[in-house]
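Please look over the sequence and the model before reading on.

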Amino acid sequence: MERGVVIGGVLISASFLFAVLLNNCAGDKGPLPEADAQPAPPPTQATAPAQSPVLDNPGFYLGEATLNPSERAGREIWYKSTAGNSRFHTYTFQQRVGVLIDWYRVLRSDERSDRFAAWGIINDPGCCVPGSQDCPAKSPDDTYGFDWCPGDEQLLQFVGREGYRDPACDFKDAPADTNDVHNRTKDQRQSSCDLAFGTSTGALGIRKFPNPRFNRERWLALNGTAANWSGYNGKLSNDKANSDSHVSRLADGSVEPPFLIGISCGSCHIAFDPLNPPADPAHPQWANLKGAVGNQYTRISEILSSGMTPSDIEFQVFSHARPGTSDTSAVPTDQINNPGTINAIINIHQRPTFQDEVVDKWRKVEACPAGEGQAKQGGTEACWCEHEGKCWQRGTRTETVHHILKGGEDSIGALEAIQRVYFNIGSCAEQCWVNHLTDLRQIDPQQRNFGQTPFDIGQCRRDCPNFRAIEDRLQDIMNFLTSSETHATDLQVARENELKKSNPRGTYTRQSFIADLEREFGAGSVARGREVFAGNCARCHSSIAEKDGGPFANRDFAAIDAKTGLRADWLGNDQATPVSGVGTFRCRALHTNHMKDHVWQEYGSETLRSRPADTAVKEASDGGRGYYRNISLLSLWAHAPFLHNNALGPELCGKPANAANDFYRSPFADAQGKALAGDAVPACWKFDPSVKGRFDLYKASMNDLLNPDQRVPKITRFSDDVPIAFGPRLWDGKEERQVVGFSVTIPAGATAGALGNFQHKRFADDLVLSALRPDELHAQLNKSLGEKDGGTVFKALNEVRTEIMRDPSTMIDEIRKRPFLLGAYSSCTATVENEGHRFGEGLSAQDKKALTAFLATM
Amino acid sequence: MKTPMKHSGTLAIVLVAMLPLTGCDWIRSKLHPPPKLQFAEAGERYLQKPDFARIEHEFPLAPADLMKLTPENIANYSQEQVDQIYARLTAGPIPDAAFDGALFFPKNSKRDRRISEIVGGLPGLAVELKSQKLETLGAQLWRGKVFDRDTRILRNRIEDLAALKPIIDDDLSTIEKINVGGKDQWLLFPAKLYCGQSLIDSRRESIIIDYAFTDELPGYRERPDYLAGRNGFQIRDEIRMVRPGFYLGRAYAGKAFLLNFTLYNHEIAGSQSDAFVDTGKVAEDCWIGTQERKLMASAS
């Protein structure tokens with residue numbers, strides 16, 4: 001049979017998958033600010049600033065009072081440096097990846113008070129709403145509808161003009177470390193300008209830059225006023241029957257917005273200080289913030305798809321990460337739907353390291369050995385010099401490293417782990433890694449981007465100045481992340497701070513703390529809890545093994561390390577555990593991006609990749625995946641809900657005033673997996689970063705942890721029908737007609753993960769093979785699935801192919817009739833997100849209380 | 001409502017329609033052999049394709065190399081070679097003139113592979129392979145593009161309007177036209193022009209020819225112009241400059257790669273090439289990235 005005929009007739013089923021690819025451009029239109037009848041006057045003529053631009057207001061710098069110069073520099077970089085990713089978040093993500101961000105919807109100043117509730121992001125205390133008291137900007141037109149922030153008096157002059165001098169150019173670098181081989185004789189660091197700070201948007205960690213391509217006249221023609229974005233982000237049609245109701249000009253690359261928007265590491269990691277939470281989370285003060293706790297409320301996935309509508313496939317598949325989680329393999333997609341928490345960075349000096357790991361990476365050298373002056377990309381040994389005295393040599397050695405990510409990935413060194421965070425946030429995307437990503441539309445394995453290829457650190461260093469600017473200051477960032485800012489946060493201290501708000505001389509002693517806990521959890525509960533912990537938990541959740549620290553039973557888990565002044569025990573051994581052993585939602589453990597030939601290959605050690613597969617899981621778990629490292633229980637009281645996906649415990653929601661920005665969708669299901677309805681649905685808990693709020697959440701989450709039979713299963717589903725049209729349509733003024741092709745609808749209630757994990761390329765190829773080379777396909781399926789299941793899938797593929805050739809619009813139904821097909825072609829078939837980690841379920845009720853009391857002290 | 005395009009009967013008919021094109025490929029390869037340029041070694045599978053940054057670093061193209069390329073001979077490289085050339089180009093200036101156009105299917109490419117790509121982004125249409133019919137029509141009718149740099153609007157030059165008549169509304173005489181070489185050509189399928197992201201090489205921008213919002217442009221006629229738009233085939237072209245007056249383009253539908261095309265303006269090529277060879281410099285309207293382009297720099 002002619003292969004083309006088969007493809008033409010059969011591969012239509014692949015369109016199911018191409019749902020993910022369809023680029024139904026859209027943007028949700030929220031309430032608009034009242035249009036100002038008087039457009040803002042043109043900005044004053046830009047001139048090269050003679051004076052240094054304002055870096056920030058004094059409040060920001062209060063936070064560095066206790067830090068040394070290197071820590072201080074690291075803090076400012078962590079909070080502000082985008083390392084050039086504004087291009088990615090303004091152009092590349094939208095145009096190349098195909099997902100739209102409506103930055104105005106997220107950052108509009110008139111919804112500043114609702115921003116935290118809606119998006120979980122934290123308002124910058126240094127910014128203000130134009131027109132509000134003492135705000136330098138008097139009208140939203142002055143700031144294009146955004147908050148006014150320190151440095152904007154310079155920045156706003158350069159909207160639509162070249163010549164902006166980034167505040168990072170005036171960044172106060174720490175003294176160059178002369179112990180660093182690259183700085184031994186002189187400071188050779190890349191220009192700090194390439195750190196690219198811009199100014200705050202009003203939300204911490206989200207930064208703005210003037211867009212020199214902005215055309216004010218065109219903007220006013222489109223939107224009416226400078227502050228009104230409705231022409232840009234509004235829908236083209238209000239009629240839901242018209243597919244233009246999904247479309248906005250956010251998808252029109254010819255429209256240049258006034259700002260390019262970038263994000264810093266702080267966009268996800270800056271959080272409310274558990275020891276000093278804000279009275280009003282929508283209006284925090286600088287003293288309420290810490291840089292590395294990890295924002296437990298951020299809806300970064302919703303932010304990054306804020307230009308899509310709920311009936312867009314991308315929104316439904318990707319925008320359901322729980323608050324405080326992010327699927328960092330969504331953009332560099334591995335087609336495994338697996339949002340995970342933002343790691344809390346606590347007491348890193350005490351965090352376990354692992355010796356003798358085989359690490360192939362670049363290391364600083366002063367000069368290259370003779371004959372190795374040029375990098376040999378793709379080789380195992382290479383050397384490259386940026387210039388004389390600043391070289392790197394690549395090679396394989398055994399080293400002592402951390403295991404950073406959920407499965408222990410990012411294991412070639414702590415500095416490199418920080419370095420890779422910058423790729424997570426989009427830095428050097430164009431120069432270094434977008435070309436290595438999978439294009440979901442590309443189903444020809446002979447074409448680029450059919451699958452991932454490895455990112456090349458050496459190439460990125462050579463070609464991306466922002467990479468070098470960060471790399472040359474990684475130690476500063478590391479020093480900040482090990483500074484006092486990241487020390488554990490004890491509930492006792494938090495309560496004492498609360499007390500001092502009403503009674504500045506008040507104290508809350510250890511004895512008072514224990515007494516309060518024992519009043520709540522029972523007499524002797526803290527001491528008993530320590531015993532329960534030692535007997536049941538410490539084998540994983542202690543960083544000091546019994547061979548090194550003596551029996552757990554005799555251990556003071558709160559003992560102080562005299563050398564660091566921190567608690568000696570990190571309360572986690574960071575050892576990798578096969579996912580079947582812990583039993584939690586396994587999709588994250590099946591993450592592939594650090595495997596050989598995948599995009600982050602160079603950030604995984606050879607030791608990581610040599611771990612054996614977990615044979616107890618049915619999906620592929622080769623290449624070193626299939627594991628979770630256990631986590632630190634330090635400050636656990638402040639970090640509920642639990643598990644790598646925040647799924648264990650109450651569901652959190654912001655309940656924003658603007659209902660269009662309420663992204664909560666109930667995941668609760670019955671034992672059969674059917675969505676719960678009505679009164680049976682547990683209520684979500686409103687974001688509450690107060691000491692009491694955190695502690696209540698901790699207790700409820702501990703209850704779920706220790707009583708797995710009481711957990712209500714959670715399965716994330718589509719909240720809306722998702723119609724997808726394949727082929728041209730015409731709107732006749734009343735209804736839209738499909739000219740050729742067909743339409744399908746993925747119904748509300750479909751499991752989001754099932755679609756996100758579906759391996760459409762393999763499925764499409766097998767459909768073709770089922771007609772062209774059936775015997776070969778049958779043999780392949782038998783080999784991979786076993787004869788029984790292989791035969792079932794083979795038969796089903798033939799049936800599906802026949803049916804959809806007859807009527808392509810039945811595609812979804814035909815596949816849904818055969819749910820085992822989704823399983824056979826899924827990278828992860830797990831559905832219940834809060835299962836597993838049943839350790840402790842057999843404890844007595846009193847011991848469970850005791851354990852809860854004890855852990856609250858840690 | 002009239003159906004703007006007749007349903008194609010079978011795939012076979014479409015494939016037969018394509019045969020002349022593949023035959024042309026063979027003849028063209030003999031008449032216009034591709035010049036010897038350096039390419040990185042590439043295998044069949046996606047994992048065996050060399051990274052563009054590496055290609056540019058190890059095998060930079062000099063102005064003299066680019067001067068060897070013509071619209072005729074560039075069509076005779078393999079698709080991988082065309083891709084490697086494209087990745088070593090910059091966008092150059094947004095043009096402001098009429099350009100002659102030619103589209104081409106890659107030498108040695110197999111029909112099934114190309115169809116596979118089409119299917120990737122045109123589900124539904126791919127079933128009936130309307131896109132191929134469109135391409136066939138395109139090869140017969142399309143004569144190039146007219147750029148208006150000031151307004152950032154482009155129109156396509158269509159020579160044989162009779163063939164399109166069944167899908168054009170209203171009075172044909174109202175369609176704007178130009179005269180090229182004594183022949184009338186009609187200007188249809190308007191598109192927006194801007195600097196934007198390449199869908200194959202992220203390292204620097206390309207000039208984007210975007211039909212998504214074609215209905216906002218002056219002179220838009222719903223039929224046939226909607227066919228290229230967001231509710232039609234979702235066409236998006238991108239081009240980079242080979243040398244002054246000569247651009248290499250890639251056409252996408254639904255963000256799936258369809259075909260290559262060239263744009264050529266003899267007058268510009270004739271008047272600006274010498275300076276280009278001497279200096280390697282051209283005006284750049286778009287972001288050129290941060291990777292050093294060694295031979296271009298050395299030419300200056």
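## Basis

This is a predicted model, in which local features need pLDDT of at least 70 and side-chain atom pairs count only at pLDDT 80 or more, while totals for chains, interfaces and linings use all residues. Residues are numbered from 1 along each chain as its sequence is written, and chains are lettered from A and ligands numbered from 1 in the order in which they are written.

## Overall form

Chain A contains 33 helices and 18 strands; these are DSSP runs numbered from the N terminus, helices (H or I) having at least four residues and strands (E) at least two. The C-alpha trace of chain A spans about 80 × 70 × 70 Å along its principal axes.

Of the 858 residues in chain A, 58% are buried, where buried means that 20 or more other C-beta atoms, placed from the backbone, lie within 10 Å of the residue's own.

## Helix H28

Helix H28 of chain A covers residues 760-772. From first C-alpha to last, its 13 residues reach 18 Å, close to the 18 Å expected (1.5 Å times one less than the number of residues).

H28(A) is mostly covered, with 10 of its 13 residues buried. Among them are A:Phe763, A:Leu767 and A:Ala771.

In chain A, strands E9 (residues 382-387) and E10 (residues 390-401) run antiparallel and are joined by five bridges; strands pair if DSSP finds at least two bridges between them. A:His387 has A:Lys390 in E10(A) as its bridge partner.

Two residues lie between the strands of this hairpin, and A:Gly389 takes a positive phi near 85°.

Conventions:
A residue is buried if 20 or more other C-beta atoms lie within 10 Å of its own, exposed if 12 or fewer, and partly exposed in between; C-beta atoms are placed from the backbone.
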